[in-house]
Amino acid sequence: MRPFEYGVDGPKVIVAGVDGSETSLRAGAYAWGLARRAGARLVVVHVSPVASMGTLTPGGAAALRETADEISAQIRRELEAAAGREQVRYDLVTELGDAYAVLARVADESRADAVVVGASAQAGHRLIGSVAVRLVKAGRWPVTVVP
């Protein structure tokens, strides 16, 4: 019988989607812990939605961009604080666009072994599908959905 092997084949690259919501922040914390324990590189992805017709009012698009910048800055501060306490290699990717499309592209480009996202609480996702459901249906990476 072979001896028990301690997690040497775990993920080497973990992509975590963080949008500032409570569930996404829990997903980011979970992904951080996975990366720390596995010695993996963590790629934290923050995607801001592209301005829609409703935000094209004077100042609407600017307010949306300002909010996205504030969330991105908050995420960066949290990562830097955590990195000061624990040794985790991480990158922060911030982009405008569709969350699914950006997360899928970043996961493919970084050759992710795992993707971690928070569960959606938005009612409309029953019709069009949440980012998490779309990632799972893509079937290219193991996806962990954190409640």
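**From words to values**

Mentor: Let's begin with Arg-111, which is found in the loop between H3 and E4. This is a predicted model, in which local features need pLDDT of at least 70 and side-chain atom pairs count only at pLDDT 80 or more, while totals for chains, interfaces and linings use all residues. Residues are numbered from 1 along each chain as its sequence is written, and side-chain values use heavy atoms, leaving out hydrogens and water.

Trainee: What makes something a helix or a strand here?

Mentor: Both are DSSP runs, numbered from the N terminus: a helix is H or I over at least four residues, and a strand is E over at least two. The protein has five helices and five strands, and along the sequence they follow the pattern β-α-β-α-β-α-β-α-α-β.

Trainee: Is Arg-111 buried or exposed, and how do you know?

Mentor: We look at relative accessible area, found with a 1.4 Å probe on protein chains only: under 20% is buried, over 50% is exposed, and in between is partly exposed. Arg-111 has 70%, so Arg-111 is called exposed. Just after H3, Arg-111 also takes a positive phi of about 55°.

Trainee: What does Thr-23 touch?

Mentor: A contact means heavy atoms within 4.5 Å. Leaving aside residues up to four places away in sequence, Thr-23 touches Gly-118, Ala-119, Val-146 and Pro-147.

Trainee: Why are E1 and E4 said to pair?

Mentor: Two strands pair if DSSP finds at least two bridges between them. Strand E1 (residues 13-17) and strand E4 (residues 114-118) have three bridges, so they pass, and their pairing is parallel. Ala-16 stands opposite Val-116 in E4. E1 also pairs with E2 in the parallel sense, over five bridges, and there Ala-16 stands opposite Val-44. E4 and E5 run parallel too, joined by four bridges, with Val-115 opposite Val-143 in E5.

Trainee: In what order do the strands lie in the sheet?

Mentor: The five strands form an open sheet in the order E3-E2-E1-E4-E5, with parallel pairing. Strand E3 (89-96) and strand E5 (143-146) are at the edges, because each has a single partner strand; one side of each is left without a neighbour in the sheet. Neighbouring strands are turned by 20° against each other on average, direction ignored.

Trainee: Which strands does helix H3 touch, and at what angle to E2 does it run?

Mentor: H3 (residues 99-109) packs on the sheet, touching E1, strand E2 (41-48), E3 and E4, and its direction makes about 155° with that of E2. Such angles run from 0 to 180 degrees between N-to-C directions, with axes fitted to C-alpha atoms, for helices over the stretch in contact. The buried residues of H3 are Tyr-100, Val-102, Leu-103, Ala-104, Val-106 and Ala-107. Their cover includes E1, E2, E3, E4 and helix H5 (131-138).

Trainee: Why is E4 called largely enclosed?

Mentor: Because five of the five residues of E4 are buried. Ala-114, Val-116 and Gly-118 are buried on one side, and Val-115 and Val-117 on the other. E2 is mostly covered, with seven of its eight residues buried. For the protein, buried residues make up 35% of the 147.

Trainee: What makes a space a pocket?

Mentor: On a 1 Å grid over the protein atoms alone, a pocket is an open set of points with protein on both sides within 12 Å along at least five of seven lines; lining residues have an atom within 4 Å of a point. The second largest pocket has a volume of about 330 Å³, where volume is the space filled by probe spheres set on the points, and grid points are joined across faces, edges and corners. Of its 16 lining residues, Leu-25, Gly-28, Ala-29, Glu-78 and Leu-79 are the closest to its centre.

Trainee: Which element gives the most to that lining?

Mentor: H2 does, with seven residues.

Technical notes. On a 1 Å grid over the protein atoms alone, a cavity is a set of points where a 1.4 Å probe fits but cannot get out, and a pocket is an open set with protein on both sides within 12 Å along at least five of seven lines; lining residues have an atom within 4 Å of a point.
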